[in-house]
Amino acid sequence: MKKIPHRIYLSEDQMPVQWYNMRADMKSLPDPIINPATNQPATEEDLYPVFCKELAHQEMDDTTRYVPIPEEIQEFYKMYRPSPLIRAYNLEKALDTPARIYYKFEGNNTSGSHKLNSAVAQAYYAKKQNLKGVTTETGAGQWGTALAEACSFFHLPLTVYMVKCSYEQKPFRKSVIQTFDADIVPSPSTTTQVGRKILEENPGTTGSLGCAISEAVEKAVSTEGYRYVLGSVLNQVLLHQSIIGEESLLAMQMIDEYPDIIVGCAGGGSNLGGLIAPFMRDKLTGAANPRIIAVEPASCPSMTRGRYAYDFCDTGKVTPLAKMYTLGCDFIPSANHAGGLRYHGMSPILSKLYHDGYMEAVSAEQTKIFETAITFAKQETILPAPESAHAIYGAVQEALKCKESGEAKTILFGLTGTGYFDMIAYQAYMDKTMTDYIPTDEELEASFAKLPKIPGIQ
């Protein structure tokens, strides 16, 4: 039998030229987002003050199955795509498993992650609308880095609000963002009304993505010619990231493989939604029935311990409300949580698919995640980002189950990026100063008690 190569590459001519919209095949759609000013379902026009028009349209489009990728974006993609599908032969050997393990590696660009796939699309549409600039938030820094790259390419000014603890822990992320001419502000800050309010109520807070989103939205809507862009959670982002899964499917077809199990890390949902997109299409249409597993941090367990409810997408409560799995918009992960995946909620699309039983979710403590990351690095020579290591952990657990059962299943996971800006966290793990924090039921119940009540809805 012909041996499958370690790395499977598509050619440029084989790259997907369309994004795939999972909503077009969903039997039951996510509940509509709610305009907090009216407590009614938001319209596309309601989003225009926040998002540029084409992105607002993509956000609300439930019916268009495939969206053509503009030629300018296709050309940008060709600088770092297609990304490789890699057979983890050495990891398989170390685990002594009959499973065939593949991973889609998205770290082959300066941002070091998959985030650039959506960043270039959002910067392109903003530039096409002749906006003066955009604002955003970033947690661990991958999204801020990617958007800074994309905005620099299109000569578009950018202000990044970075979660304060990440800003302090990852100074080199800040340096890369500044290399691409973006302004960067630790959040919460005194530069916005909502930031000052959050600091007044929680003087020592280390911040959260929800805080940073609030500040970025306020800055955008209060600055003429600016709009806000987001790196995860939103429907438009999962649309752009579908190129990851579409490339994965094509590469696996080249070697006559199809995954029995797909595993992705879960924060807001961008990588997970992109990786699973075509496989979920097969599941929704009855063409195949792979298991799809989301792996999230035990310190921020929105899917495994959250509530499926309407909630604000930000801590300052200025964004529309979405029905999603949430820990409550006031929830702030422990400062000792080393990676990204710090968002209080989960993509409404993925939340609905999870709620309807199309996918599974598990959580893991960060010391287990870093142990797995180091094992992977030693075998596959790539130092994974802490976020990516959650997917590795999930894949390893499934491979070990195959070892016990003797089943030779095919496992695909998403390696979202590299961990070279996360060495303080790696050092903490190796020094044994890293600790695991898991929120108590009482803490979560206190947060759930603050979930918004929408007349006539919940």
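This is a dialogue on reading a predicted model, one feature at a time.

Biologist: Which residues is Glu92 in contact with, leaving aside neighbours within four places in sequence?

Modeller: Arg87, Thr97, Ala99, Arg100 and Ile101.

Biologist: On to aromatic pairs. How many are there?

Modeller: Rings pair if their centres lie within 6.5 Å. The count comes to 16 aromatic pairs. Take Tyr20 and Tyr66: the ring centres are 5.6 Å apart and the planes are at 40°, so this pair is tilted.

Biologist: Which parts does the pair of Tyr20 and Tyr66 tie together?

Modeller: Tyr20 is in strand S2 (residues 18-20) and Tyr66 is in strand S5 (residues 66-68), so the pair links parts 46 residues apart in sequence. Tyr20 counts as buried, at 1% relative accessibility. Tyr66 counts as partly exposed, at 28%.

Biologist: Which residues form an aromatic cluster?

Modeller: Phe76, Tyr77, Tyr80, Tyr124, Tyr125, Phe153 and Phe154 form one.

Biologist: Which charged residue lies over the face of Tyr20?

Modeller: For a charge over a ring, check NZ of Lys or CZ of Arg against the ring centre and the ring normal. Arg281 lies over the face of Tyr20, 4.7 Å from the ring centre. There is also a lysine case: the charged end of Lys53 sits over the ring of Tyr48, at 5.4 Å from its centre.

Biologist: Next, helix packing. At roughly what angle do the axes of H14 and H15 cross?

Modeller: Angles of 65 to 115 degrees count as roughly perpendicular. The axes of H14 (residues 366-380) and H15 (residues 386-405) come within 8 Å and cross at roughly 85°. That makes H14 roughly perpendicular to H15.

Biologist: Which residues make the contact between H14 and H15?

Modeller: H14 gives Lys368, Ile369, Phe370, Thr372, Ala373 and Phe376. H15 gives Pro386, Ala389, His390, Ile392, Tyr393 and Val396. By class, this contact has 9 nonpolar, 2 polar and 1 charged residues.

Biologist: And at roughly what angle do the axes of H8 and H9 cross?

Modeller: Over 145 degrees counts as roughly antiparallel. The axes of H8 (residues 193-201) and H9 (residues 209-221) cross at roughly 150° and come within 8 Å. H8 and H9 are therefore roughly antiparallel to each other. Gln193, Val194, Gly195 and Ile198 in H8 meet Cys211, Ser214, Glu215 and Glu218 in H9. The residues of this contact divide into 3 nonpolar, 3 polar and 2 charged.

Biologist: The loop between H8 and H9 comes next. Is Thr205 buried or exposed?

Modeller: Thr205 lies in that loop. At 10% relative accessibility, Thr205 counts as buried. Beyond residues up to four places away in sequence, Thr205 touches Lys164, Pro188, Ile198, Leu199 and Ile332. Ser208 lies in the loop between H8 and H9 too, and counts as buried at 1%. With the sequence neighbours again not counted, Ser208 touches Val163, Thr315, Phe331, Ile332 and Pro333.

Biologist: Pro188 came up as a contact of Thr205. Which residue does a cis peptide bond join to Pro188?

Modeller: Look at omega. Ser187 and Pro188 are joined by a cis bond, with omega about 5°. Pro188 is in the loop between strand S10 (183-187) and H8. Another cis bond runs from Arg81 to Pro82, with omega near 0°. Pro82 is in the loop between helix H2 (71-77) and strand S6 (85-87).

Biologist: Last, backbone phi. What is the phi of Asp96?

Modeller: Near 55°, a positive value in a residue other than glycine. Asp96 is in the loop between H3 and strand S7 (100-105). Asp96 is exposed, at 54% relative accessible area. Lys317 has a positive phi of about 60° and is not a glycine. Lys317 is in the loop between S14 and S15, and counts as partly exposed at 37% relative accessibility.

Key
Residues numbered from 1 in each chain as written. Predicted model: local features only at pLDDT ≥ 70, side-chain atom pairs only at ≥ 80, totals over all residues. Heavy atoms only, no water. Contact = heavy atoms within 4.5 Å. Phe/Tyr/Trp six-rings, centres within 6.5 Å; stacked < 30°, edge-to-face > 60°. Helix = DSSP H or I, 4+ residues; strand = E, 2+ residues; numbered from the N terminus. Buried < 20%, exposed > 50% of the residue type's maximum accessible area, 1.4 Å probe, protein only. Lys NZ or Arg CZ within 6 Å of the ring centre and 35° of its normal. Axes fitted to C-alpha atoms, helices over the stretch in contact; angles between N-to-C directions. Parallel < 35°, antiparallel > 145°, perpendicular 65-115°, else oblique. Nonpolar A, V, L, I, M, F, W, Y, C, P; charged D, E, K, R; others polar.
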